[in-house]
Amino acid sequence: MWESNSEPPFTAGRARPWRPDDLLNGHVSASYGGVAVDSSVNAIKPEGVGQHVREFAAAAAEMAVEFGKGCRDIARQSLGNRDSVVVRSFQKVKETYFGKRVTRKLRFMNEYLPEDKEPVHAWSVILFVAVLAFAALIVNMETTPTTPNVVKKVYIHPPSAARVMLPDGRYIAYKEQGVPADNARFSIISPHSFLSSRLAGIPGLKASLLEEFGVRLLTYDLPGFGESDPHPDRNLETSAMDMLLLADAVGVNHKFWVVGYSSGSMHAWAALRYIPDRLAGAAMMAPMVNPYDSIMNREERRRTWKQWTRKRQLFYFLARRFPRFLAYFYHRSFLSGKHGQIDKWLSLSLGKRDKALIEDPIYEEFWQRDVEESIRQGSAKPFVEEAVLQVSNWGFSLADLKLQKKQQGKGMLNWLKSVLSAAQEEYIGFLGPIHIWQGMDDKVAPPSMTDFVHRILPGAAVHKLPYEGHFTYIYFCEECHRQIFTTLFGTPQGPINVTTEVDPSPLQVDTEEQEEMTLDNSVLAQAET
């Protein structure tokens, strides 16, 4: 006999009945009715923490889905009902005076709604959904992790420029490149563009090319930029006079070429107007003109303005109407003490090749050094003045530069003068050559500006550059620089060799005196004998 609480003993030929706890007790196998049960396959293992976490996550997901469906149903019932709070509030606003005026002006938009939808109900739903979407975008922007950008601070270098004092007591800083003054076959003076300095010149221009063509290049800081003193009453005429005084001070005794790039070209235009007798010619790269010029026709103005961003258009408007507000934007960008990109600072829209260039490390290093020199004085005034100069009355028109015959005055006295003097016909305007290089993918100084200039000055030689942008042709392009110099100066002849000529007259006098002394000595010798 065996006790009821104890396991019955196994006897030969009789199998113990299988029990469920055999699997938990780890038995390898058991027999039930002659059939072996393998516990290694069907064993029930105890549940771990990971299993509990997965089941909880699945349950939470199901609850979230159900909650979302409930919110969707509530929103459909609330917004789908014409008597909902949103629709009633929108209806009240519509019935006001202001609402009636707005709905009257926006009535044309109802044409885009389905025919079976009431406009008040449909637009209330659209407005509510737009507000929710906008709020979701704001939350997403605030919560999206962004990689921190290392912002490089502006470093102001010690003063290093050569300076000359002008007659009014101001100092103007300049930089000289190329061959010395005595050996220069050609001289170039180049005013810089906006947010630049004397260090820019022609970016990437090699000294060997200047030597090959015998060119002396002078660049200078505009008043208030770099190391040049500000001008108390600056305009384009005083800008041309500064250029003339600099040329005289540094020994440019012959006619020189003026090179203008981008907004620096307006100072070159001023030189053509006010000091034409000192100029041999002009070279313009992506020249800027006044976008408010009265002689620009409607199509030229439309093609120009559509290339600019809305913010850049706003800058031009502020420069023309409210220039004091520009200082606020300048202090938040390039006068903030931190470096940035030119397209963001000046709200420029750039082509593909220009975008690739400004991301190049060589350009970035050059640009940052040039900006550091440009903003050395830390004042927004010269930049505001420069922006105002471009969009205000220049004091002259580009039509004044057109080469044309001088009109004789009316009256008998003027007719008698023309008959009695028998002088040759006189011409007015700029007599020298004007060359313009224009990138056809330039969105800063669009090709429409050059088309306008060529319409006013048909004698100017325009070189159109397919696929080139605002920066790509002039920045770090040795072949482009050679093309420009070849167009302006022809075949390279190198610098002028200055040879010192020896005056033979003193030598002849000494020789004659020696011959006379020899003759006298021979006569005395014969007398003694």
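I begin with the cut-off that I need for what follows: a residue counts as buried when its relative accessible area is under 20%. I also note that the model I am reading is predicted.

**Entry: Arg376 and Glu227**

I looked up Arg376 and found that its relative accessible area is 16%, so Arg376 counts as buried. Its salt-bridge partner is Glu227, and the closest N and O atoms of the two are 4.0 Å apart. This pair links distant parts of the chain, since Arg376 sits in the loop between α15 (361-374) and α16 (381-391), while Glu227 sits in the loop between β6 (215-220) and α8 (236-249), 149 residues apart. I checked Glu227 as well, and at a relative accessible area of 10% Glu227 is buried too.

**Entry: Glu468 and Arg353**

I turned next to Glu468, which forms a salt bridge with Arg353, with 3.5 Å between the closest N and O atoms. Glu468 is buried, with a relative accessible area of 13%, whereas Arg353 counts as partly exposed at 42% relative accessibility.

I then followed salt bridges that share partners, and I found that they join Arg198, Asp221, Glu227, Arg369, Glu373 and Arg376 into one network.

**Entry: Arg170 and Asp168, and the total**

I looked up one further pair, Arg170 and Asp168, whose salt bridge has its closest N and O atoms 2.7 Å apart. Arg170 is buried, with a relative accessible area of 9%, while Asp168 counts as partly exposed at 47% relative accessibility.

**Entry: helix α9**

How much of helix α9 (residues 265-274) is buried? I found that 8 of its 10 residues are buried, so the helix is largely enclosed by the rest of the structure. The buried residues of α9 are Ser265, Met266, His267, Ala268, Trp269, Ala270, Ala271 and Leu272.

**Entry: Gly459**

Is Gly459 buried or exposed? I found that Gly459 has a relative accessible area of 75%, so Gly459 counts as exposed. I placed Gly459 in the loop between α18 (447-456) and β12, and I noted its separation from Gly432, which is 27 residues in sequence and 9.9 Å in space, C-alpha to C-alpha.

How values were computed. Residues are numbered from 1 along each chain as its sequence is written. This is a predicted model: local features need pLDDT of at least 70, side-chain atom pairs count only at pLDDT 80 or more; totals for chains, interfaces and linings use all residues. Side-chain values use heavy atoms; hydrogens and water are left out. A salt bridge is a side-chain nitrogen of Lys or Arg within 4 Å of a carboxyl oxygen of Asp or Glu. Buried means under 20% relative accessible area, exposed over 50%, partly exposed in between (1.4 Å probe, protein chains only). Helices (H or I, at least four residues) and strands (E, at least two) are DSSP runs, numbered from the N terminus.
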